[in-house]
Protein chains: 4
Amino acid sequence: MVPRYSRPQMTAIWEPEARFRIWFEIEAHATDALADLGVVPQSAAKALWDWWKTQPAIDVPAIDAIEAVTKHDVIAFLTWVAEHVGEEARFMHQGMTSSDVLDTCLNVQLTKAADILLADLDALLAAIRRRAFEHKLTPTIGRSHGIHAEPVTFGLKMAEAYAEFSRCKARLIAARADVATCAISGAVGTFANIDPRVEEHVAAKLGLSVEPVSTQVIPRDRHAMFFATLGVIASSIERLAVEVRHLQRTEVLEAEEYFSPGQKGSSAMPHKRNPVLTENLTGLARVVRSAVVPALENVALWHERDISHSSVERFIGPDATITLDFALARLTGVIDKLLVYPERMMKNMNRMGGLIHSQRVLLALTQAGVSREDSYAMVQRNAMKVWESDGALSLLDLLKADPGVSARLGNAELEALFDLDYHLKHVDTVFARVFGIATA
Amino acid sequence: MVPRYSRPQMTAIWEPEARFRIWFEIEAHATDALADLGVVPQSAAKALWDWWKTQPAIDVPAIDAIEAVTKHDVIAFLTWVAEHVGEEARFMHQGMTSSDVLDTCLNVQLTKAADILLADLDALLAAIRRRAFEHKLTPTIGRSHGIHAEPVTFGLKMAEAYAEFSRCKARLIAARADVATCAISGAVGTFANIDPRVEEHVAAKLGLSVEPVSTQVIPRDRHAMFFATLGVIASSIERLAVEVRHLQRTEVLEAEEYFSPGQKGSSAMPHKRNPVLTENLTGLARVVRSAVVPALENVALWHERDISHSSVERFIGPDATITLDFALARLTGVIDKLLVYPERMMKNMNRMGGLIHSQRVLLALTQAGVSREDSYAMVQRNAMKVWESDGALSLLDLLKADPGVSARLGNAELEALFDLDYHLKHVDTVFARVFGIATA
Amino acid sequence: MVPRYSRPQMTAIWEPEARFRIWFEIEAHATDALADLGVVPQSAAKALWDWWKTQPAIDVPAIDAIEAVTKHDVIAFLTWVAEHVGEEARFMHQGMTSSDVLDTCLNVQLTKAADILLADLDALLAAIRRRAFEHKLTPTIGRSHGIHAEPVTFGLKMAEAYAEFSRCKARLIAARADVATCAISGAVGTFANIDPRVEEHVAAKLGLSVEPVSTQVIPRDRHAMFFATLGVIASSIERLAVEVRHLQRTEVLEAEEYFSPGQKGSSAMPHKRNPVLTENLTGLARVVRSAVVPALENVALWHERDISHSSVERFIGPDATITLDFALARLTGVIDKLLVYPERMMKNMNRMGGLIHSQRVLLALTQAGVSREDSYAMVQRNAMKVWESDGALSLLDLLKADPGVSARLGNAELEALFDLDYHLKHVDTVFARVFGIATA
Amino acid sequence: MVPRYSRPQMTAIWEPEARFRIWFEIEAHATDALADLGVVPQSAAKALWDWWKTQPAIDVPAIDAIEAVTKHDVIAFLTWVAEHVGEEARFMHQGMTSSDVLDTCLNVQLTKAADILLADLDALLAAIRRRAFEHKLTPTIGRSHGIHAEPVTFGLKMAEAYAEFSRCKARLIAARADVATCAISGAVGTFANIDPRVEEHVAAKLGLSVEPVSTQVIPRDRHAMFFATLGVIASSIERLAVEVRHLQRTEVLEAEEYFSPGQKGSSAMPHKRNPVLTENLTGLARVVRSAVVPALENVALWHERDISHSSVERFIGPDATITLDFALARLTGVIDKLLVYPERMMKNMNRMGGLIHSQRVLLALTQAGVSREDSYAMVQRNAMKVWESDGALSLLDLLKADPGVSARLGNAELEALFDLDYHLKHVDTVFARVFGIATA
């Protein structure tokens with residue numbers, strides 16, 4: 001975790017105190033169930049919760065100090081709790097293993113993290129949606145291979161992003177379900193020393209599903225899927241970030257990351273307004289993605305369990321979720337406040353002297369009875385002049401003045417072929433598909 | 001694609017002929033829709049299908065020869081079709097771009113591949129299920145960290161694998177839906193020159209969904225999710241393969257990959273029966289996983305499209321699906337025919353002189369009123385002797401002979417504590433969770 | 001391997017016939033050494049080489065047919081050789097294992113591949129060098145964050161690429177040495193049945209080093225380093241490819257991939273000249289990089305050997321080397337024939353009305369005794385006007401007309417500050433560092 | 001960075017204070033050079049160093065507070081220094097950009113990190129070497145595919161590791177050189193406002209090479225190579241860690257991670273001594289490797305620079321070096337104190353009743369004039385009995401009793417074939433190759 005790329009709510013999930021609170025809840029709920037089953041006295045469960053109601057501070061250094069002696073984190077925690085709860089605490093953890101606590105806790109943390117990320121996605125989707133409808137009909141050039149192709153609208157770009165992040169949300173919901181399980185199954189997962197009903201009770205209390213079959217550990221294919229999904233979301237962030245970076249290039253400048261009126265772009269060069277937020281998002285996407293491969297490598301644990309996954313998860317658990325949370329929020333801010341320059345979009349689109357309409361003229365000539373070969377030759381001889389003039393000449397003017405063309409298509413017909421609206425006529429269709437409605 | 005790791009049905013999907021057949025269907029269905037909309041004559045669509053009904057051979061070298069001239073694969077194909085269909089073929093592809101054909105075709109290929117993989121998973125699940133019930137109560141030692149822990153059953157190992165591959169199946173179904181889309185939206189995806197109803201028609205005919213918003217290309221987050229899912233499945237394959245490799249080690253030998261009675265293990269050493277299939281699966285898992293990162297890197301295409309994804313997909317499309325298909329089938333064979341040695345499992349489990357029951361004796365002493373500290377000391381002084389004898393001594397015998405222990409627990413009581421069934425009492429619970437029923 | 005991204009010389013290395021030829025040489029050289037040591041008759045070695053001198057065709061299908069029976073590739077090959085050489089062939093392979101042949105062969109293939117790649121790098125370096133000196137003093141705007149910064153030259157861009165690929169070459173030379181080893185050490189690598197002098201002889205004949213300690217297999221950290229190095233080279237290819245893609249954007253158009261005068265950019269749109277080669281290179285870089293992680297995962301083989309690396313290498317061995325060879329050659333072609341547009345570079349550089357010189361004016365005012373704060377304000381008030389005019393106004397003109405500025409700096413002084421050469425004065429220094437000489 | 005997997009010396013490199021100290025040195029050395037060139041007064045450089053000699057504490061919170069206002073880390077630092085040094089500080093940083101400071105600092109940090117890692121490797125090599133000579137002739141079974149093959153020695157295993165980590169050291173030395181460069185070249189790297197001699201001076205003072213051509217940033221192929229090398233080293237760590245994990249398995253138990261006599265393996269089960277350190281190393285190897293792909297993705301920065309690499313390096317810079325340092329030290333401890341059980345090795349080796357010598361008997365029969373087919377049959381009929389007895393029968397006894405065998409090979413001859421030393425006769429050769437000497 002790098003502090004400058006983190007936000008407090010997500011970071012809090014991964015702090016030692018938060019982890020210990022989850023551990024307590026797992027232990028206390030389990031003790032409740034054990035008491036109901038008659039395995040331990042009801043007084044034991046009561047003692048735990050009574051203490052908890054006093055809202056005790058979690059003394060992390062004290063627990064760490066015990067761990068330094070016991071070399072075992074869960075035992076250290078239980079010892080510390082026992083110091084405060086007293087004699088009754090000895091009934092805690094009966095028949096359980098450390099993995100029951102650790103793995104269930106990790107899944108609680110990941111589902112909490114997923115909830116924040118889902119809220120992040122909702123905020124991002126709201127921002128994208130607003131900008132989409134705002135610029136639904138703002139024309140801009142569509143580019144393939146970085147080269148002008150034909151007109152689109154800025155709203156369509158946003159609609160694409162909206163659809164993409166909607167898919168990301170659906171995937172994250174599925175990934176959250178994948179890790180939302182609870183295992184309280186004892187050594188090697190056989191329930192030899194703990195009744196499966198304890199697991200059911202704790203799972204219900206924590207809002208988790210029961211892990212159908214655990215082997216002391218919760219199987220890591222679940223976590224692999226979770227982190228792979230975060231990697232896909234990060235890649236979608238990168239895509240939109242790269243779009244902004246391209247649009248802000250000096251020669252393009254169709255949109256810019258926001259900066260306040262009085263802000264200095266650079267101490268020396270007033271023309272410098274750099275897309276540093278989206279460049280940063282490009283890097284953060286790489287960071288989040290880097291969790292995917294180790295998560296995949298974590299799946300093949302040996303036999304009923306080995307502990308090799310643990311160190312990996314101490315890194316990627318916090319890093320991937322905290323960084324993705326930060327990145328989603330940053331992207332939301334970028335989109336929300338993005339400076340959009342419709343005039344520049346129009347200017348760029350027109351910089352090629354109308355060449356972007358050449359395909360439509362070609363089709364019109366064909367429909368007017370000219371052979372495809374002749375049509376192509378007619379358009380090309382004029383288009384090439386425009387191209388060579390770097391857009392100083394107008395394709396429309398040249399076509400009007402070309403006898404071969406004008407014999408087939410009158411000026412009014414030609415002008416109609418240069419109509420932008422032709423390209424925008426199905427924007428409503430796309431918006432209806434993406435947003436459910438065509439007009440906000 | 002490496003021939004020795006491929007099977008014909010999956011390989012066929014990726015052969016040029018198969019691709020051209022899909023291209024034809026996309027074009028012909030689109031022509032149908034264009035004819036219904038009055039954009040092209042009904043005779044054009046009819047001419048295409050009439051020719052198709054003759055079941056023409058796809059002359060791949062002829063198409064390649066045209067491509068060598070046109071430098072464009074889709075134009076080469078259309079030209080070749082036109083040579084056979086005649087004049088009416090000129091109405092094909094009207095208002096479409098190559099991407100409409102290429103991207104929709106890729107998604108048809110991926111969904112076909114997914115269907116094979118789903119069938120593979122069903123076969124694997126069936127094999128695992130059969131072995132699970134066969135060995136539901138075959139005791140074997142559970143191992144954590146490669147070290148004996150407490151008893152499980154071989155059926156439980158299979159149940160875990162069954163649950164894991166069931167999850168993989170659900171994930172693949174979701175991933176298949178992610179790539180099961182069709183885009184026929186023309187240049188930069190605006191439908192300027194093609195009616196969205198054409199897309200709807202083609203999608204319906206091909207069993208795909210309509211891509212809500214394409215930008216000439218189908219967004220690559222879909223494919224990233226698909227390949228990431230294949231990577232997770234590959235990792236689960238690795239897990240089960242590694243389990244078999246461990247079980248087949250000379251010192252363990254609780255299970256073995258099948259080999260026929262007359263088969264030679266090695267030309268020189270009769271004791272060599274190597275787990276080469278599962279070692280191979282471990283390697284193939286790495287191969288499939290290697291598709292994940294480039295698929296993620298493919299997401300951030302520039303603006304409405306760039307072509308950088310294409311070369312990547314020419315590798316990972318066939319390689320990941322063909323290799324995973326082969327690996328799933330190989331794993332199915334391994335599990336189906338796995339030689340399982342219950343006697344050896346029992347022998348291994350008992351090689352530590354009953355130490356695996358030490359925890360239960362400890363609990364029993366505690367319940368008999370001995371303090372935890374004293375209980376631990378009593379068990380440990382005997383356990384250590386067993387440990388030092390490398391299992392030659394019996395923990396049960398030593399405990400019976402220990403006055404401190406025998407004062408609290410009689411011989412019958414002690415013997416009961418060494419009961420394997422204690423560890424197996426919840427196998428039914430787990431089987432009911434995993435398979436829906438506890439007994440096949 | 002995807003045929004369209006392959007070249008024959010590199011592909012030939014990985015064809016079965018080439019592999020069998022290397023196998024033969026390993027076996028025959030080993031037989032020579034065994035004969036010299038008196039382990040086998042000299043006639044055995046002679047028989048092998050006599051047959052080889054007849055330049056026998058390698059009958060791959062025949063060998064495959066034998067393998068289909070023996071299930072063992074090396075035995076199949078030895079059998080086929082014996083069928084042609086006769087009785088004397090039985091002395092071949094004495095004391096050796098299949099791994100001796102397979103691993104040494106792989107390293108021969110990788111070193112041959114490295115030699116081709118090194119030649120590729122030389123060709124690329126030559127092309128870059130030529131363009132570097134050609135455009136050593138062609139001014140172009142330097143861009144940070146995609147935003148105009150200060151002038152550089154196109155030659156400097158090439159010099160950077162030259163330095164980068166020179167480093168790549170040095171790395172590849174090191175990586176080649178890492179895999180240029182020979183192991184002929186028998187089962188588990190102990191030389192129990194084969195004298196180490198055989199290994200020394202074969203290594204010398206094949207131009208390889210002796211593997212100091214093998215464990216039946218050659219350790220895979222060597223190959224991991226090799227493929228990691230290919231991944232770094234691929235990333236450098238991506239960097240230069242992305243540079244070209246940016247320069248070819250419609251709004252920038254400072255350079256373009258070559259296309260012949262009569263070539264059609266697009267059948268419909270004459271303005272479309274897409275940087276498809278460099279987009280392709282971007283994708284191929286992802287493909288080559290995807291070999292790195294599985295190569296790293298191949299290192300941790302179990303004990304003296306397992307076979308999990310083998311399937312991985314059947315993919316990444318050919319794929320990574322063939323694709324990188326193709327990519328280097330393609331990039332060489334792109335650079336060699338790149339259309340470079342100095343006028344457009346100048347036009348783009350000047351499109352901001354001289355703002356790129358603002359920093360130097362600021363420094364000059366400071367040196368003329370104005371406080372830094374006042375200097376900044378003076379420059380900024382004029383720069384902002386230029387910025388708002390989108391470069392229609394000239395910063396130089398405005399500064400001349402600004403009384404505060406002109407009081408300190410005369411017109412001639414101001415004009416001198418707008419001198420491009422100021423930025424180019426150390427191009428010679430850089431060229432001397434990179435190329436050893438400043439002028440070609 | 002995860003505290004429990006970190007060591008103070010390496011962590012210190014990445015702390016803010018250390019970074020600021022390096023920044024100061026870069027700035028102060030540059031000021032020296034600028035003074036020598038007459039660009040700034042000598043008093044400016046003197047003032048900086050005079051203050052530095054007072055060993056001022058670096059007030060990180062104060063600098064952070066300034067950054068919170070300036071939004072620029074280098075400016076914040078310079079401001080803080082100026083507050084302490086006074087007026088003369090304004091000459092600092094003249095003609096430089098932030099990248100000059102940041103990139104040179106990163107390379108100083110990476111070379112310092114490399115120096116620690118090189119020392120770590122030396123310590124590891126020393127430990128491995130010691131154990132290698134200690135167990136140079138300790139026989140143990142060599143395993144291929146996890147199956148007993150033929151004898152090796154534990155010293156040979158160590159020799160292999162020694163050779164592998166020696167290669168890692170050589171690679172790290174090369175990778176260190178790759179990042180040991182200094183760039184002080186100003187905006188877009190042209191030296192327009194700073195003389196190249198400043199760079200030369202600073203480089204010399206910091207023990208770095210001059211970056212031949214920078215583009216404001218130091219090219220990231222250097223760092224990609226560095227992190228790729230760390231990934232290879234991590235994979236070699238994994239290999240040795242996996243070896244220990246295998247050897248410690250209950251059924252194998254030929255070696256164990258150290259635990260002190262009084263230590264508790266588990267609170268409940270005295271037979272539990274888990275290889276948790278090497279399992280941890282397996283996970284940490286995944287963590288270090290995860291830095292490789294993002295480092296490769298960082299290479300293709302846009303034009304003269306973008307900032308996307310920066311966030312990635314804030315993670316992988318500390319994480320990869322700190323984790324690798326910790327892992328190397330942990331592995332050194334594991335090897336240094338590894339409990340090695342030669343008796344158990346011998347017991348395991350002999351558990352197959354002498355089958356491991358079957359190949360040699362086969363060869364001896366052949367040399368005694370029996371056809372290969374008959375020899376094989378003779379050996380096999382006896383070997384199979386041994387195999388079926390699970391090693392209870394002795395191959396040597398059976399062969400002596402087999403008339404067909406004893407007709408050719410007398411008892412003494414047969415006994416000689418079961419001689420372990422036959423397999424160990426070239427251990428000296430290997431040791432001489434690896435360590436330079438055969439006997440320590």
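A: Across residues 353-435 of chain A the chain is 70% helix and 0% strand, with its end C-alpha atoms 35 Å apart; here helices (H or I, at least four residues) and strands (E, at least two) are DSSP runs, numbered from the N terminus. The model is a predicted one, in which local features need pLDDT of at least 70 and side-chain atom pairs count only at pLDDT 80 or more, while totals for chains, interfaces and linings use all residues. Residues are numbered from 1 along each chain as its sequence is written, and chains are lettered from A, and ligands numbered from 1, in the order in which they are written.

For residues 353-435 of chain A, the UniProt record (an unreviewed entry) gives the feature "domain: Adenylosuccinate lyase C-terminal"; UniProt positions are in the numbering used here, feature names are shortened, and annotations may be inferred rather than shown by experiment. A separate division of chain A gives domain 1 (1-94), domain 2 (97-259 + 271-349) and domain 3 (355-417), with bounds that come from an automatic or database domain assignment. The C-alpha centres of domain 1 and domain 3 of chain A are 78 Å apart.

In chain B, His357(B) sits in the loop between helix H13 (342-350) and helix H14 (358-367). His357(B) counts as buried because 26 C-beta neighbours lie inside 10 Å, the cut-offs being 20 or more other C-beta atoms within 10 Å for buried, 12 or fewer for exposed and anything in between for partly exposed, with C-beta atoms placed from the backbone. Leaving out residues up to four places away in sequence, His357(B) touches Leu395(B), Leu417(B) and Phe418(B), where contact means C-beta atoms, placed from the backbone, within 7 Å. Although His357(B) and Leu417(B) are 60 residues apart in sequence, their C-alpha atoms are 7.2 Å apart in space.

In chain C, helix H15 (residues 372-388) has 17 residues and reaches 24 Å from its first C-alpha to its last, close to the 24 Å expected, the expected span being 1.5 Å times one less than the number of residues. Among the buried residues of H15(C) are Tyr376(C), Met378(C), Val379(C), Asn382(C), Ala383(C), Val386(C) and Trp387(C). An α-helix has 3.6 residues a turn, so residues three or four places apart point the same way. The cover over the buried residues of H15(C) includes helix H14 (358-367), helix H16 (395-401) and helix H17 (403-406) of chain C. Just after H15(C), Asp390(C) takes a positive phi of about 55°.

Most residues other than glycine have a negative phi.

The contact of chain A with chain B takes 60 residues from chain A and 59 residues from chain B. The elements giving two or more residues to the chain A side include helix H19 (421-424) and helix H20 (427-435) of chain A, while H9(A) gives the most, with 13 residues. That side of chain A divides into 30 nonpolar, 15 polar and 15 charged residues, where Ala, Val, Leu, Ile, Met, Phe, Trp, Tyr, Cys and Pro count as nonpolar, Asp, Glu, Lys and Arg as charged, and the others, Gly among them, as polar.

Ser311(D) is buried, with 26 other C-beta atoms within 10 Å, and, leaving aside neighbours within four places in sequence, it is in contact with Tyr5(A), Asn280(A), Gly283(A), Leu284(A) and Val287(A). Leu284(A) is also among the residues that Ala327(A) touches, as are Ala234(A) and Ile237(A).

Conventions:
Two residues are in contact if their C-beta atoms, placed from the backbone, lie within 7 Å.
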